[in-house]
Amino acid sequence: MSKDVMADLKRDHIVQLLSKGTRVDGRAFDEMRPLTVEINYVLSAEGSARVRLGKTDVLVGIKMMVGSPFPDTPNSGVMTTNAELIPLASETFESGPPDQESIEVSRVIDRGIREGHAVDMKKLCIEAGKEVWIMFLDIHALDFDGNLFDAGNIGALAALKSAIVPAARAGKGEDYPMPISHEPISVTAVKIGEHLLIDPTHDEERVADARLTVATLENGSICAMQKGGSGSLKMDEVFKIIEMSRKRGAEVRAKLSG
Amino acid sequence: MGGTPIPNDIKLLDENGKRVDGRRPDEMRPIKIEAGVLNKADGSAYVEWGLNKVLAAVYGPRECHPRHLQNTTRALVQCHYNMAAFSVDDRKRPGPDRRSHEISKITSEALTHVVFTEYFPRTSIDVYIEVLQANAGTRCAGLTAASVALADAGVPMRDLVASCAAGKAADTVMVDLGKEEDNFGQADVPVGYVPRTEEIVLLQMDGELTHDEYTLSLKMAIEGCKKVYEEQRNALKRRYQVRSVDAVEEPKGVA
């Protein structure tokens, strides 16, 4: 309850700054917070990445095991994405079964990675119709200051790029690197009043009217989207966000490769 | 414990009396503690202990939920121990299981003893322990991190709780068991200790030990706790030394 009152109080301050063309932390509207990515952070995982996006801190780990394929995709591995918004990361998170918020976060990150064909799932098939690799992408929020969608997406992609398929451990031949085919990057924008800003902080998310996450690929095409919030977006606003996402996404992708 | 046969390629103690990772029986794994590592939490700490990586965060004292748990005379110290799905070899299903409920309970009890709970009636002090990478001894690492996080949050305490285990593997009593020693060893005795008052606030044991072996294990574990305690104090000193330097330098920037 008290948190909602704080959001109302901060709203005026945030909106006032936006009308002067700036944000609480001094960023431009289309500027992301400083990003650092640390790969292979967890040795017990097949691949992992700790991503710090401003004051948001996310750890993504990948575990793999041998299992059965889905009957309709006998030649493909299986991917499962799960986001844990644990109460360590914020007073607004509660323990217990996943709530709507964490389900949305995990599904949006999953969609970007899956629809963007980050992993060549065919190469995760061991024996068609019988045995495939089951891949668990676990996204663990450690410190929460907004925009888990992008921090999680960047962490998931970085973790996948560093992952090794543990074939030897499972007695399925030699270990091999995760077969990566594309690098989908999501960029999230929020709308506050008439303003569009990317990579929102928690305060900005809280006062936002609407939110749009856009995942784009190397060639500029769009592979996943999700609108959130009860506010609305005009068509030209959607295109503006896509343009920002493409531009900033390319920068993030370059950073992950460098 | 002791139920699993030792694979042939693992030798828990070699001819020179060295353990799997080259330690002597009375030697601990390297330990690194850092206080104040998270932004959102009121207090936090990170502990790297051998291959264990553990984060602890403290929120509170704050309104106690659910309300019926409120105590009108004191604060409730509520610990929540949780393992990340990728922290172990075979993925752990997310969410609390019976083991983590038990660890949460005994950790809460150990910390309740040192916190001045009577200063904060009706509130809850929530302690979240997240195991990011597990390699035996996570409950000790978690309790160690939690008490540094409580101090970092400014919660008044009688002393820090330090924690360390000792046990038996390859018929030898040794301190701070590693993963192989825990899996294929004969006994494990985790201890939580208040060095200033010499009180034991957490104590468990599984496996089989003679009376003498048990006495030695307990003594070794307490010696380990004292070393951990030094690291905890150093972490807090480092954290707040930096702050005092900041405070001195700040006015220059303003002028």
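**Chains A and B: a quick chat**

User: How many residues of chain A are in contact with chain B?
Analyst: In this predicted model, 27 residues of chain A are in contact with 23 residues of chain B.

User: Which strands of chain A supply that side?
Analyst: β3 (56-67), β4 (78-84) and β6 (131-143) of chain A each give at least two residues to the side that touches chain B.

User: And how do the residues on that side of chain A divide?
Analyst: There are 13 nonpolar, 7 polar and 7 charged ones.

User: OK, switching to chain B. Which residues of α1(B) are buried?
Analyst: S100(B), I103(B), S104(B), T107(B), A110(B), L111(B) and V114(B). They cover an arc of only 135 degrees around the axis, so they sit on the same side of α1(B).

User: Why would residues spaced like that point the same way?
Analyst: An α-helix has 3.6 residues a turn, so residues three or four places apart point the same way.

User: What covers the buried ones in α1(B)?
Analyst: The cover includes β4 (76-83), β5 (123-133), α2 (138-152), β8 (187-194) and β9 (199-203) of chain B.

User: Which residues are exposed on the other side of α1(B)?
Analyst: R98(B) and H101(B) are exposed there.

User: Back to chain A as a whole. What's its secondary structure?
Analyst: Chain A has 5 helices and 12 strands.

User: How does its radius of gyration compare with a compact globule?
Analyst: For 258 residues a compact globule would come out near 18 Å, and chain A has 19 Å, which agrees. The C-alpha trace of chain A spans about 60 × 40 × 35 Å along its principal axes.

User: What share of chain A counts as buried?
Analyst: 45% of its 258 residues.

Conventions: Residues numbered from 1 in each chain as written. Chains lettered and ligands numbered in written order. Predicted model: local features only at pLDDT ≥ 70, side-chain atom pairs only at ≥ 80, totals over all residues. Contact = placed C-beta atoms within 7 Å. Helix = DSSP H or I, 4+ residues; strand = E, 2+ residues; numbered from the N terminus. Nonpolar A, V, L, I, M, F, W, Y, C, P; charged D, E, K, R; others polar. Buried ≥ 20, exposed ≤ 12 C-beta atoms within 10 Å, placed from the backbone. Arc of directions from axis to C-beta. Rg over C-alpha atoms; globule rule 2.2 N^0.38 Å.
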